[in-house]
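Welcome! Take a look at the picture and then read on.

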Amino acid sequence: MFDRIDRLIRWIASVMAILGGIALIAVILSTVASVSGRALLTVGLGPIRGDFELVELGTGFAVFAFLPWTQINRQHASVEILTMHMSRRVNRLIDLVADCLMFAIAILLAWKHWQGTLDKFAYGETTFVIQYPLWWAYASGLVGALGFVLISFWCVILSIRALATGRDQVLGEIMH
C-alpha cells in the first residue's frame with residue numbers, strides 16, 4: 001500500500017512538472033512570436049497583444065508547478081559542508097526537520113495564495129490589456145501550491161519512515 005501511495009505522489013509531482021514545462025514552452029513561443037512580430041511591423045505583423053500578461057500567467061504557474069517535483073526529489077538548494085561529516089542517522093534527523101519546515105512553508109504559501117485568489121475573485125480585477133480576470137492566474141498557481149503541500153507532507157512521512165527504519169527512500173527504489 002505504501003508503495004502505491006508513493007508511486008501516485010511521485011506521478012502527481014511529475015505531471016505538475018510536465019505541465020509547468022509545457023507552460024514555459026508556451027511562454028517562450030509566445031515571446032518569440034511577439035518579438036518577431038515587432039521586428040516585422042513593416043510587413044504588416046505586430047506583437048501579440050498583452051504578451052507580457054501571458055508571460056506573467058505562464059511563468060507564475062510554472063514556478064508553482066515545479067515546486068512539488070523539486071521537493072519530492074530533494075533538489076532544493078542545500079549546504080552540506082557540515083552534514084557530510086555527520087552520521088546517517090543525524091542526517092536523517094536533519095532531513096526530517098527540513099521536511100517539516102518545508103511543509104510548514106508550503107502550508108503558509110498555499111494559505112496566503114488561497115486568500116489572494118479569493119481577494120482577486122471578489123474584487124473582479126482584470127489585467128490591463130487582455131482584460132482576463134486576475135484570479136485565473138492566482139488559481140493556476142494555487143494548483144501548484146496545493147500540490148506542494150501534498151508532496152511536502154509526503155516527504156515528512158518519508159523522512160519519518162527513513163528515521164524509524166534506518167532505510168533511505170530514494171526515487172529509483174520505489175519506482176522500479
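The protein chain has five helices and zero strands, where helices (H or I, at least four residues) and strands (E, at least two) are DSSP runs numbered from the N terminus. Read from the N terminus, the elements follow the order α-α-α-α-α. This is a predicted model, in which local features need pLDDT of at least 70, side-chain atom pairs count only at pLDDT 80 or more, and totals for chains, interfaces and linings use all residues. Residues are numbered from 1 along each chain as its sequence is written, and side-chain values use heavy atoms, with hydrogens and water left out.

**Overall shape**
- Along the principal axes, the C-alpha atoms of the protein chain fill a box of roughly 65 × 35 × 35 Å.
- The radius of gyration of the protein chain is 20 Å, whereas a compact globule of 176 residues would have one near 16 Å; the value is taken over C-alpha atoms, and the globule rule is 2.2 Å times the number of residues to the power 0.38.
- Of the contacts with a separation of 6 or more, 78% join residues 24 or more positions apart (contact means heavy atoms within 4.5 Å).

**Surface and charge**
- Buried residues make up 33% of the 176 residues; buried means under 20% relative accessible area, with a 1.4 Å probe and protein chains only.
- There are 13 positive and 12 negative side chains, and the centres of the two sets lie 7 Å apart; Lys and Arg count as positive and Asp and Glu as negative, while His and the chain ends are not counted.

**Helix H2**
- H2 covers residues 51-72 and reaches 33 Å from its first C-alpha to its last, close to the expected 32 Å (1.5 Å times one less than its number of residues).
- Its buried residues include Phe 61, Phe 64, Leu 67 and Ile 72.
- Helix H1 (2-39), helix H3 (88-123) and helix H4 (134-165) are among what covers the buried residues of H2.

**Helix H3**
- With 36 residues, H3 reaches 52 Å from its first C-alpha to its last, close to the 52 Å expected.
- Among its buried residues are Leu 96, Met 102, Ala 106, His 113 and Lys 120.
- H2 and H4 are among what covers the buried residues of H3.
- Gly 124 follows H3 and has a positive phi, near 65°.

How values were computed: Buried means under 20% relative accessible area, exposed over 50%, partly exposed in between (1.4 Å probe, protein chains only). The place of a charge is taken as NZ of Lys, CZ of Arg, CG of Asp or CD of Glu.
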